[in-house]
Amino acid sequence: MAFFFFLLLLLLSSAEASWPPSPGFWPSTHVRSMEFYRGFRNLWGPQHQSLSQDTLSIWLDRTTGSGFKSLRPFRSGYFSASIKLQPGYTAGVITAFYLSNNEAHPGFHDEVDIEFLGTTFGKPYTLQTNVYIRGTGDGRIIGREMKFHLWFDPTKDFHHYAILWRPNEIIFLVDDIPIRRYPRKSAATFPLRPMWVYGSIWDASSWATEDGKYRADYRYQPFVAKYRNFKARGCSAYSPAWCQAVSASPFRSGGLSRQQENAMKWVQSHQLVYNYCWDNKRDHSLTPECWH
């Protein structure tokens, strides 16, 4: 009997060790969901986009992918959606939810990304977070990538992914658990111009899966991504100057609580697979926030 209880305790402790601790605060519950067409519109690939019972499906096949865009630009806010990814072989395929002003500033834009990098059979998706500032995503690319393997299978159910953008910080969250905080250390390393909210699915075979080793295989088309539970709350580009930025924590001033910090540390110690600041092949004179 004692051995049985020991095994049970071992199983429980291992189950707890494979899941992040509670963040203690759930920002998604403080933002109301919206219907897709109240906040967004199709941007490209309209024939590869459908809306059914509040779930938006977009897909990629040999002919094209698809994308959508918010109706308004924002200068800060909380932006999120519940997303379900396609299982099986998805190498080369990118499913994305992000902020950008590429259309307003072509060749010199800002961008904040959540991207799911497609994978091969038996390997997990990689969630890539990234920040581009005033053209570092154009021409000579200077990415600020942090990549994670999730603690769940993102193809089995919907999970909630969010970007919180304030004048002094960007926080990426998965199911309300902070996974990355990117603070503003200087105006040169932080996006400050208004951005729109986007989602898309597209072929990035040249780099998406193991640096382009595995490419999109259209024998497995269509590649479908599903989005629902859209949330967008913040200061639009047209809001008055006194508009207060949304917080991802119990504190109106922003930042994270100690409990949220602990949850984020767990994710970064257990699930982080790449941090641009730790990459010795990178020229870190171009990413001074890593060391200052």
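This tour walks through ring pairs, charged side chains and disulfides, one selection at a time.

The model is predicted, so local features need pLDDT of at least 70 and side-chain atom pairs count only at pLDDT 80 or more, while totals for chains, interfaces and linings use all residues. Residues are numbered from 1 along each chain as its sequence is written, and side-chain values use heavy atoms, with hydrogens and water left out.

**Stop 1: aromatic rings**

Start by selecting F36 and F68. They form an edge-to-face aromatic pair, 5.4 Å centre to centre with 85° between the planes. Rings of Phe, Tyr and Trp (its six-membered ring) pair if their centres lie within 6.5 Å; planes under 30 degrees apart count as stacked, over 60 as edge-to-face and the rest as tilted. F36 sits in helix α2 (residues 36-39) and F68 in strand β4 (residues 66-70), so this pair ties together parts that are 32 residues apart in sequence. Helices (H or I, at least four residues) and strands (E, at least two) are DSSP runs, numbered from the N terminus.

Are F36 and F68 buried or exposed? Both are buried. Buried means under 20% relative accessible area, exposed over 50%, and partly exposed in between (1.4 Å probe, protein chains only).

The structure as a whole holds 20 aromatic pairs.

**Stop 2: a charge over a ring**

Next, select K69 and W196. K69 lies over the face of W196, at 4.7 Å from the ring centre. A charge sits over a ring if NZ of Lys or CZ of Arg is within 6 Å of the ring centre and within 35 degrees of the ring normal. For another example, show R228 and F158: R228 lies over the face of F158, at 3.8 Å from the ring centre.

**Stop 3: salt bridges**

The term stands for a side-chain nitrogen of Lys or Arg within 4 Å of a carboxyl oxygen of Asp or Glu. K69 belongs to strand β4, whereas E103 is in the loop between β6 (93-100) and β7 (111-117), 34 residues apart. K69 is buried at 8% relative accessibility, and E103 is partly exposed at 42%.

Move on to E169 and R181, which form a salt bridge with their closest N and O atoms 2.6 Å apart. E169 is in strand β11 (residues 169-174) and R181 in strand β12 (residues 177-183), so the bridge ties together parts that are 12 residues apart in sequence. E169 is buried at 0% relative accessibility, while R181 is partly exposed at 32%.

**Stop 4: disulfides**

How many disulfides does a search of the whole structure find? There are 2, a disulfide being a pair of cysteine sulfur atoms within 2.5 Å.

Select C235 and C243, joined with an S to S distance of 2.1 Å. The torsion about their S-S bond is about -95°, so this disulfide is left-handed. C235 is buried, at 2% relative accessible area, and C243 is partly exposed, at 24%.

Finish with C277 and C290, whose disulfide has an S to S distance of 2.0 Å. With -80° about the S-S bond, the link of C277 and C290 is left-handed. C277 is buried at 13% relative accessible area, and C290 is buried at 14%.
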